[in-house]
Amino acid sequence: MLNALFGLYLVATGSQAEVNGSGASMPTDVRPMGEWVEFRKARYTGEPLLLHLRNGYERAVLMPEPIKLLNDSQTLPGCAVVIDTDVIGFFPTRTFAREPIRFIGLQSGSVYELRVRASPEGIRQPLQITR
């Protein structure tokens, strides 16, 4: 799993991953995630999962399968979203209220909804989602 997060770092530094968000460019004022020994864990049961980001800090979400945005026009205010196979990187630059963002599993066709918000009190620890 740490390899997946390292892969996300490579994405953020120049690979061909899908970037979506305000301006569709990588924010330079967001601190990299760094290394974490443990992931927070959540089980996806079909109900939206709540995700609280910390302003100015990258946060990764490891999905149970490769995904893409359900609708390419989805964005989060002040937050770039980077997808690399089954890892989503969120790069929030400012506070915003809860917003839904939906992804579709490329293997199962399952739709995953995250309800995302950002604030100075948000969580930095990466999240692993299972089914």
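By salt bridge I mean a side-chain nitrogen of Lys or Arg within 4 Å of a carboxyl oxygen of Asp or Glu. Before going on, a caveat: this is a predicted model, where local features need pLDDT of at least 70 and side-chain atom pairs count only at pLDDT 80 or more, while totals for chains, interfaces and linings use all residues. Residues are numbered from 1 along each chain as its sequence is written, and side-chain values use heavy atoms, leaving out hydrogens and water.

Glu-113 pairs with Arg-115, with the closest N and O atoms 2.8 Å apart. Glu-113 also bridges to Arg-102, and there the closest N and O atoms are 3.3 Å apart. Strands here are DSSP runs of at least two residues, numbered from the N terminus.

So, buried or exposed? Buried is under 20% relative accessible area, exposed is over 50%, and partly exposed is in between, using a 1.4 Å probe and protein chains only. Glu-113 is buried at 12%, whereas Arg-102 is partly exposed at 30%, and Arg-115 is partly exposed too, at 35%.

How many salt bridges does the structure hold? Three. One of them joins Glu-65 to Arg-131, with closest N and O atoms 3.8 Å apart. Glu-65 is in the loop between strands E4 (59-62) and E5 (67-69), and Arg-131 is in the segment after strand E10 (127-130), so this pair ties together parts 66 residues apart in sequence. Glu-65 is buried, at 2% relative accessibility, while Arg-131 is partly exposed at 44%.

Definitions and conventions
Helix = DSSP H or I, 4+ residues; strand = E, 2+ residues; numbered from the N terminus.
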